Amino acid sequence: MSLLHSPIPVTPRGQGLIARWADQIDVDADTPRITIGEGGTPLVAAARLSAALGVDLHLKLELTNPTGSFKDRGMCVAVARAVQAGAHTLICASTGNTSASAAAFAAAAGLKCVVIIPSGKIAAGKLQQAQVAGAQVIQIDGNFDDGLDAVRELSTRPGIALVNSVNPYRIEGQKTAAFEVIEDLGGEAPDWLCLPVGNAGNITAYWRGFQEWHAAGKVATLPRLLGVQAAGAAPLVDGAPVAEPETIATAIRIGRPARGEEALAAVAESNGRLLKRTDEQLLSAYARLAHEAGIFAEPASAISLAGLIVALEDGTIERGSRVVCVLTGHGLKDPDSAARIVEPTLTCGPSAAEIAAVLDLA
Ligand SMILES: *Cc1c(COP(=O)(O)O)cnc(C)c1O
């Protein structure tokens, strides 16, 4: 029997997000089932952090997606739809993770990929991911918002598909994370869902997912949404665009969120809240996630925990609540940020006695 014809077992996750959710998202029978193994991410109970904070905390590990961020969920559907529409090239502006994801799906689908990034302002690992996958990377002397304006214009040309989260299929793919949260909580919604807000596509997508299943009678309650922005890039909290956004959390360094209005509506409808945290506060949450939950998320992801901490302190979120923090991207992408929170390594000779001496072992 030829190896080529032997049946290849496919895990549920390996089937891909489109195959799994075809009846719940905007695809049809002709949409190619492109996948790199996205979705189906774990929801992990964080026992030590729960005990320390007095809540029932669960972490949605979106950082386990194949390119290390939640962007793969929406990118999968956006790219499949672009292929279906006859596109030859994907284009996006990116703070990093969108480009890594677009480049990977372009490779899997056999398309060209062009990514526009703000010069010097994306984490090293993310840039390399896009380059390794063969994307054409263009650094612009401008920020994310400038890049998005440019790619919107370029994508009006034939055959070029824009895959930023202004693309409606991105939201369709991303809303499946809400379905998974409900499934993993045994058919219930959490009391609160905390997540970082940059361009505001993800908070829009979660709210859509929760609302759809609520309307369909698949879940009895809706969660309240806690959207968290970085203090130096908080246009939705401050109520005005930020011309020069600045934060160590480069994934959310955005001054004019494309889905800002929808994010504000989602927060209001859910009786939730938007707040901002400083880089210092988010770095402290970043360290706590690693030290107390064993999860190495990127700085932008950790701002969800920083937001939860202050919301518990000021009474917005009651102790004992069931809370999900969405950990959007992987810490390994951004070694420069990790360098800020680690102790220097110790050095000594190779013997047990020398090692015991530097460790101060009795
Ligand atoms: C894209 C991204 C965000 C922000 O998501 P939006 O949909 O732009 O609000 C947050 N964290 C990480 C790691 C991201 O890559």
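The lining of the largest cavity in this predicted model divides into 10 nonpolar, 14 polar and three charged residues. The volume of that cavity is about 310 Å³. Of the 27 residues that line the cavity, the closest to its centre are F70, K71, G198, N199 and A251. A search of the whole structure finds one cavity of 30 Å³ or more.

Which helices contribute to this lining? At least two residues each are supplied by α5, which spans 97-109, by α8, which spans 168-174, and by α10. The largest share, three residues, comes from α10.

Let us stay with helix α10, which covers residues 201-215, and consider its neighbours. Helix α9, residues 176-184, packs against α10 at an angle of about 55°, and the two axes are 7 Å apart.

On the α9 side are A177, A178, F179, V181, I182 and E183, and they meet Y206, G209, F210, E212 and W213 of α10. By class, the contact of α9 with α10 holds eight nonpolar residues, one polar residue and two charged residues.

From α10, the residues I203, T204, W207 and Q211 take part, and they meet E262, A263, A266, V267 and E269 in α12. Sorted by class, this contact has five nonpolar, two polar and two charged residues.

I turn now to another pair of helices. Helix α13 comprises residues 279-293, and helix α14 comprises residues 299-313. Their axes come within 7 Å and cross at roughly 100°. That angle lies in the range of 65 to 115 degrees, so α13 and α14 are roughly perpendicular to each other.

In α13, the residues involved are Q281, L282, A285, Y286, R288 and L289. Their partners in α14 are P299, A302, I303, L305, A306 and I309. How many residues of each class does this contact contain? There are 10 nonpolar residues, one polar residue and one charged residue.

Rolling a probe the size of a water molecule over the atoms shows where empty space is left. The largest pocket has a volume of about 230 Å³. There are 13 residues lining this pocket, and the closest to its centre are I248, T250, D334, D336 and S337. The pocket lining contains four nonpolar, four polar and five charged residues, while the lining of the largest cavity contains 10 nonpolar, 14 polar and three charged residues.

Conventions
Residues are numbered from 1 along each chain as its sequence is written. This is a predicted model: local features need pLDDT of at least 70, side-chain atom pairs count only at pLDDT 80 or more; totals for chains, interfaces and linings use all residues. Side-chain values use heavy atoms; hydrogens and water are left out. Axes are lines fitted to C-alpha atoms, for helices over the stretch in contact, and angles run from 0 to 180 degrees between N-to-C directions. Helices (H or I, at least four residues) and strands (E, at least two) are DSSP runs, numbered from the N terminus. Contact means heavy atoms within 4.5 Å. Ala, Val, Leu, Ile, Met, Phe, Trp, Tyr, Cys and Pro count as nonpolar, Asp, Glu, Lys and Arg as charged, and the others, Gly among them, as polar. On a 1 Å grid over the protein atoms alone, a cavity is a set of points where a 1.4 Å probe fits but cannot get out, and a pocket is an open set with protein on both sides within 12 Å along at least five of seven lines; lining residues have an atom within 4 Å of a point. Grid points are joined across faces, edges and corners, and a volume is the space filled by probe spheres set on the points. Angles under 35 degrees count as roughly parallel, over 145 as roughly antiparallel, 65 to 115 as roughly perpendicular and the rest as oblique.
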